[in-house]
Amino acid sequence: MVHYIALYKLKPDVSDEQLEDMIRSSRSQLLKIPEVLNISSGKRITEDTMWPFYVAIDFESLDKMEMYQDDPIYIKFKEEVVKPYTTSTQELLYEMEPGKDVKYS
């Protein structure tokens with residue numbers, strides 16, 4: 001199982017209300033994609049956190065994650081929710097099953 005984490009830096013003019021909408025949108029929209037097994041998203045707790053917004057998603061495999069990235073719902077989310085409000089992204093991938101060779105993820 002693959003755990004994907006996307007960390008986002010926000011544009012300076014993004015309000016708390018807009019950030020709350022981003023969190024709600026990520027959960028409601030991305031859960032509609034069949035390849036998504038689990039999703040969480042949220043905002044930073046302390047001001048010194050470098051990445052104020054994150055989305056974390058579990059997939060069965062890297063192949064399922066690629067299917068997710070081609071899904072029209074994800075593309076719309078990225079264009080309407082992510083791009084207008086963020087300046088940069090850090091993406092991380094982890095294999096969650098102990099003992100599994102990552103080349104088979």
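Contact is taken here to mean heavy atoms within 4.5 Å. The structure described is a predicted model.

By this criterion, and with residues up to four places away in sequence left aside, Thr86 touches Tyr8, Lys9, Leu10, Lys11 and Met22. Thr86 belongs to strand E4, which comprises residues 86–95. Its relative accessibility is 11%, and Thr86 therefore counts as buried, the cut-off for burial being under 20% relative accessible area. A polar atom of the Thr86 side chain lies 2.7 Å from the backbone oxygen of Val82. Val82 is itself one of the buried residues of helix H3, and Met22, one of the residues touched by Thr86, is among the buried residues of helix H1.

Residues Leu19, Met22, Ile23, Ser25, Ser26, Gln29 and Leu30 of H1 are buried. These residues cover an arc of only 165° around the axis and so lie on the same side of H1. On the face turned away from this buried side, H1 carries the exposed residues Asp16 and Glu17. The elements covering the buried residues of H1 include strands E1 (2–10), E2 (38–43) and E3 (53–59), helices H2 (62–70) and H3 (72–82), and strand E4.

In helix H3, the buried residues are Tyr74, Phe77, Val81 and Val82. Viewed down the axis of H3, they fall within an arc of 75° and therefore line one face of the helix. Their cover includes E1, H1, H2 and E4. The N-terminal end of H3 is capped by Asp71, a side-chain oxygen of which lies 2.8 Å from the backbone nitrogen of Ile73.

The axes of H1 and H3 are 10 Å apart, and the two helices pack at an angle of about 170°. Because angles over 145 degrees count as roughly antiparallel, H1 and H3 are assigned to that class. At this packing, Met22, Ser25, Ser26, Gln29 and Leu30 of H1 meet Ile73, Tyr74, Phe77 and Val81 of H3.

Beyond strand E4, Glu97 is located in the segment that follows. With a relative accessible area of 39%, Glu97 is partly exposed. Glu97 and Met1 are separated by 96 residues in sequence, while their C-alpha atoms are 6.2 Å apart in space.

Definitions and conventions: Residues are numbered from 1 along each chain as its sequence is written. This is a predicted model: local features need pLDDT of at least 70, side-chain atom pairs count only at pLDDT 80 or more; totals for chains, interfaces and linings use all residues. Side-chain values use heavy atoms; hydrogens and water are left out. Helices (H or I, at least four residues) and strands (E, at least two) are DSSP runs, numbered from the N terminus. Buried means under 20% relative accessible area, exposed over 50%, partly exposed in between (1.4 Å probe, protein chains only). A polar contact is a pair of N or O atoms within 3.5 Å; within protein, one must be able to donate a hydrogen and the other to accept it, and residues adjacent in sequence count only if both atoms are side-chain atoms. The arc is that of the directions from the helix axis to the C-beta atoms. Axes are lines fitted to C-alpha atoms, for helices over the stretch in contact, and angles run from 0 to 180 degrees between N-to-C directions. Angles under 35 degrees count as roughly parallel, over 145 as roughly antiparallel, 65 to 115 as roughly perpendicular and the rest as oblique.
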